[in-house]
Amino acid sequence: MPSIAGDHDAVRRIAYEFVEMKAKEGVIYVEVRYSPHLLANCKVHPVPWGQEEGDLTPDEVVHLVNQGLQDGERDFNIKARSILCCMRHMPSWSPEVVELCKKYQNNTVVAIDLAGDELLVAEIFPEHRKAYEEAERCGIHRTVHAGEVGAPSVIKEAINVLKTERIGHGYHVLEDPTLYRELLGRKIHFETCPWSSILTGASDPDFRKHPIIQFMNDKANYSLNTDDPFIFNSSIETDYKIAKQFMDFTEEEFKRVNINAAESSFLPEKEKKELLKKLYEAYGMVPNNPS
């Protein structure tokens, strides 16, 4: 990000090429998340990456990313939406993040996220909590990175304080069986990323002991995702190969997790039904609820 932060053309181009990359991977719908402030160099304090003050604001970053995503949708025939990230270590940015979610709610942005060091719990920073309260009030969808490397208490906080609808990663939920059973019952969605979980130390380096296997056996509501493709040098195929080779995924389980992903997506209901219809037709499946 330091190499493109503050560069108008680069931000738009990266968003466009991201859609191209996902289309080549066979993806038909993607939600990409990023922090507008980490790509800006104007009206953001502190200016990230030690850059000098420039002329690219967080608002303009979102506008440029939206343009790149929309151009990519048009040229590569897939659907792309975005999630704007609050950063745990920068609570002062969160009020603007939720305002940007509101401003661009019907213009590719579908949700708010909280990312960063889980040891910095949101309760310490009321700005995060207030941002999520405002998001809920305005009908903005909510996801939170929680339980990737942090304790189950971080997941509890995400559910009870931030009212999240999805959990980013969430592997450490298994350390609290009561919480895990509750989330299974509520069908809370876990966004799992097998490859990155090993590189970040989020789980046992032996994929055969991965928490995802427990999720699979328990028919949990989870999906397979690729995490930071540039940082981890990966594609969705990387994570699929791991699931097949080490976790004994069947074709049926791949289909199930993709249906999970579509059902738990942050698309408006009409578009979500269209996405599910495409998947059911491609998989030769009958919808659980044809209506």
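The questions and answers below go through the predicted model, from the whole chain to single residues.

Residues are numbered from 1 along each chain as its sequence is written, and side-chain values use heavy atoms, with hydrogens and water left out. Because this is a predicted model, local features need pLDDT of at least 70 and side-chain atom pairs count only at pLDDT 80 or more, while totals for chains, interfaces and linings use all residues.

Q: What radius of gyration does the chain have, and what would a compact globule have?
A: The radius is taken over C-alpha atoms, and the globule rule is 2.2 Å times the number of residues to the power 0.38. The C-alpha trace spans about 50 × 45 × 35 Å along its principal axes. For 291 residues the rule gives a value near 19 Å, which agrees with that of the chain, 18 Å.

Q: How many helices and strands are there in the chain?
A: Both are DSSP runs numbered from the N terminus, helices being H or I over at least four residues and strands being E over at least two. Counted in this way, the chain holds 12 helices and 7 strands.

Q: What percentage of the residues in the chain is buried?
A: Buried means under 20% relative accessible area, exposed means over 50%, and partly exposed lies in between, with a 1.4 Å probe and protein chains only. The chain exposes about 14,000 Å², of which carbon and sulfur atoms supply 52%. Of the 291 residues, the buried share is 53%.

Q: Among contacts between residues at least 6 apart in sequence, what percentage joins residues at least 24 apart?
A: A contact here means heavy atoms within 4.5 Å. Among the contacts in the chain between residues at least 6 apart in sequence, the share that joins residues at least 24 apart is 66%.

Q: Which elements do the buried residues of α2 pack against?
A: The buried residues of this helix include P58, V61, V62, L64 and V65, and also N66, G68, L69, D71, G72 and E73. Just after the helix, N77 takes a positive phi of about 60°. The elements packed against the buried residues of α2 are α1 (8-24), β1 (29-34), β2 (79-87), α3 (94-103) and β3 (109-115).

Q: Which residues is V62 in contact with, leaving aside its neighbours within four places in sequence?
A: V62 is found in helix α2, and its relative accessible area of 0% makes it buried. Its C-alpha atom is 17 Å from that of P2, 60 residues apart along the chain. With the sequence neighbours left aside, the contacts of V62 are Y34, P36, L84, L100, Y104 and V109.

Q: What distance separates the C-alpha atoms of V110 and S265?
A: V110 has its place in strand β3 and counts as buried at 10% relative accessibility. Not counting residues up to four places away in sequence, V110 touches E31, R81, S82, I83, H141 and F266. Although V110 and S265 are 155 residues apart along the chain, their C-alpha atoms are separated by 9.2 Å.

Q: Is P194 buried or exposed?
A: P194 lies in helix α7, residues 194-199. Leaving aside neighbours within four places in sequence, P194 is in contact with residues including Y171, F207, H210, I212 and L224. Because its relative accessibility is 0%, P194 counts as buried.

Q: Which residues is N258 in contact with beyond its neighbours within four places in sequence?
A: N258 lies in helix α11, residues 251-263. Its relative accessible area is 19%, so N258 is buried. Beyond those neighbours, the contacts of N258 are Y240, L279 and Y283.

Q: Where does D248 lie?
A: D248 is not a glycine, yet its phi is positive, at about 60°. With a relative accessible area of 61%, D248 is exposed. Its place is in the loop between α10 (236-246) and α11.

Definitions and conventions: Areas by Shrake-Rupley, 256 points an atom, 1.4 Å probe, with all protein chains shown as cover.
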